[in-house]
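Me: I am new to reading protein structures. Can you take me through one, feature by feature?

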Amino acid sequence: MPNSTSKLAEKLLIIFEMDGRDAVEQYARANGIPLAVCRKIISDYEVARGLRTLAAGG
């Protein structure tokens with residue numbers, strides 16, 4: 001059974017894919033979710049998908 005963090009991540013990633021980073025941050029603000037948490041989830045997702053290169057990896 002998924003924990004609350006994975007449920008949150010799933011919601012945020014759906015919002016991100018449909019409407020972008022600004023929409024994720026707007027959702028976070030409206031629901032009292034720390035922006036740092038949302039940014040970390042999205043950043044990790046981008047790295048995993050290869051949408052962003054790591055500074056160390058070039």
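Predicted model: local features only at pLDDT ≥ 70, side-chain atom pairs only at ≥ 80, totals over all residues.

Me: Where do I start? How many helices and strands does the protein chain have?

Reply: Start with the secondary structure. The protein chain has three helices and zero strands. Along the sequence, the pattern reads α-α-α.

Me: How do I read the packing of two helices? At what angle do α1 and α2 pack?

Reply: Look at the angle between the axes, then at the distance. Helix α1 covers residues 4-19 and helix α2 covers residues 21-30. They pack at about 140°, and their axes are 7 Å apart. An angle over 145 degrees would count as roughly antiparallel. At about 140°, α1 is therefore oblique to α2. The crossing of α1 past α2 is right-handed.

Me: Which residues of α1 and α2 meet?

Reply: From α1 come Lys11, Leu12, Ile15, Phe16 and Asp19. They meet Arg21, Ala23, Val24 and Tyr27 in α2. By class, this contact of α1 with α2 has six nonpolar, no polar and three charged residues.

Me: Why do residues three or four places apart in an α-helix point the same way?

Reply: An α-helix has 3.6 residues a turn, so residues with that spacing point the same way. Look for the spacing in α1: Leu12, Ile15, Phe16 and Asp19 are among the residues that meet α2.

Me: What about the next pair? How do the axes of α2 and α3 cross?

Reply: Helix α3 spans residues 35-49. The axes of α2 and α3 cross at roughly 150° and come within 9 Å. That makes α2 roughly antiparallel to α3. Here too, α2 passes α3 in a right-handed crossing. On the α2 side, the contact uses Arg21, Val24, Glu25, Ala28 and Arg29. On the α3 side, Leu35, Cys38, Arg39, Ile42 and Glu46 take part. The contact of α2 with α3 has five nonpolar, no polar and five charged residues.

Me: Now burial. Which residues of α2 are buried?

Reply: In α2, the buried residues are Ala23, Val24, Glu25 and Ala28. They pack against α1 and α3. Across the protein chain, 28% of the 58 residues count as buried.

How values were computed:
Residues numbered from 1 in each chain as written. Heavy atoms only, no water. Helix = DSSP H or I, 4+ residues; strand = E, 2+ residues; numbered from the N terminus. Buried < 20%, exposed > 50% of the residue type's maximum accessible area, 1.4 Å probe, protein only. Axes fitted to C-alpha atoms, helices over the stretch in contact; angles between N-to-C directions. Parallel < 35°, antiparallel > 145°, perpendicular 65-115°, else oblique. Left-handed = near helix turned anticlockwise from the far one by under 90°. Contact = heavy atoms within 4.5 Å. Nonpolar A, V, L, I, M, F, W, Y, C, P; charged D, E, K, R; others polar.
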